[in-house]
Amino acid sequence: MGDREISNHSEVTDFILVGFRVRPELHILLFLLFLLVYTMILLGNIGMMAIIITDPRLNTPMYFFLGNLSFIDFFYSSVIAPKAMISFWSESKSISFAGCVTQLFLFALFIVTEGFLLAAMAYDRFVAICNPLLYSVQMSTRLCVQLVAGSYFCGCISSVLQTSMTFTLSFCASRVVDHFYCDTRPLQRISCSDLFIYNMVSFSLSGIIILPTIIVIIVSYMYIASTVLKISSTEGRKKAFSTCSSHLGVVSVLYGAVFFMYLTPDRFPELSKVASLCYTIVTPMLNPLIYSLRNKDVKEALKKILEKKNMIL
């Protein structure tokens, strides 16, 4: 009778997020680590958005995309980190069914949007380096807005499909999700539904999302590399490449963590959690650091703001 009562997903009222399987005394250390990283995410990404908005010299397509990247990083890390920190303190590890749906939907929305946004940023760098004389014409304000809006639209469609597919599954095996947030793979493990069609659709959806973005990024950088190598002066090549190095760093960290997680076998859930950490909180923390430390314009804008504050004080 008990099994029948939970055989349908609609009768599940909450889930239990296991989190990290560590000794209880380490929970405080994990909480402090998450708190430190999340604080850096807030300061870094909100600071980056503030710098871009307030400095008129950064009113360019590249920084328009970067501001949106910071916005996305701030929000999707906020979907994950606060709940994880609460779980370290609370004896109850539960998350409501509606909360789990919301968490998966928002995370899928922002992570897919970031993938498309990074592809748009690669195209922006391609135009800037390969067609510099036509840059202001090709990368018009209208096109930039359309690329960002398109990224959000693709993220929303993907998220609706992924979330609706996941929560039409029946969860009769257990309510215990072996992860620190609601994600598709750990939710599949506790489902008693036939996952063949689900996996085929999910795989196809992932291919439709990932392949175009990777192709755009790779092709853009192939043209960029070809153009940079044709530059005669070493200083010119160095300057051209420096405008792309930050973006390449961000792409490498994000896609590296995503591929590592999805290529990790299901029998190693702890490895999946480590990989998930990389793109849920580590990547949003690193992105503003990568762009601020390797970008002369951002460093000058930050220096200008700090000088103004010192003058006021």
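How far apart are the end C-alpha atoms of residues 95–123, and how much of the span is helix and how much strand? The end C-alpha atoms lie 40 Å apart, and the span is 93% helix and 7% strand. Helices (H or I, at least four residues) and strands (E, at least two) are DSSP runs, numbered from the N terminus.

This is a predicted model, in which local features need pLDDT of at least 70 and side-chain atom pairs count only at pLDDT 80 or more, while totals for chains, interfaces and linings use all residues. Residues are numbered from 1 along each chain as its sequence is written, and side-chain values use heavy atoms, with hydrogens and water left out.

**The whole chain**

The protein chain has 11 helices and three strands, arranged along the sequence as α-β-α-α-β-α-α-α-β-α-α-α-α-α. Its radius of gyration is 22 Å, close to the 20 Å that the globule rule gives for 313 residues, so the chain is as compact as a globular protein of that length. Here the radius is taken over C-alpha atoms, and the rule is 2.2 Å times the number of residues to the power 0.38. Along its principal axes, the C-alpha trace spans about 75 × 50 × 30 Å.

Of the 313 residues, 46% are buried, meaning under 20% relative accessible area, with exposed over 50% and partly exposed in between (1.4 Å probe, protein chains only). Among contacts (heavy atoms within 4.5 Å) between residues at least 6 apart in sequence, 79% join residues at least 24 apart.

Residues 28–53 are 100% helix and 0% strand, with end C-alpha atoms 37 Å apart.

The buried residues of α8 include Y198, S202, L205, I209 and T213, and what covers the buried residues of α8 includes α4, α6, α7 and α9.

**The nonpolar core**

A nonpolar core is a set of buried Ala, Val, Leu, Ile, Met, Phe, Trp, Tyr and Cys residues joined through side-chain atoms within 4.5 Å. The largest one here has 86 residues, and F15, L187 and Y279 have the most contacts inside it. Helix α4 (residues 97–130) gives the largest share of this core, 18 residues. Setting aside residues up to four places away in sequence, F15 touches residues including F97, C100, F167, F171 and L187.

T283 sits in helix α10 (residues 269–293) and counts as buried at 0% relative accessibility. Not counting residues up to four places away in sequence, T283 touches Y76, E114, V253, L254 and C278.

N45 belongs to helix α2 (residues 27–54) and is buried too, with a relative accessible area of 0%. Leaving aside neighbours within four places in sequence, N45 is in contact with S70, D73, F74, P284 and P288. The C-alpha atoms of N45 and G99, 54 residues apart along the chain, are separated by 25 Å.
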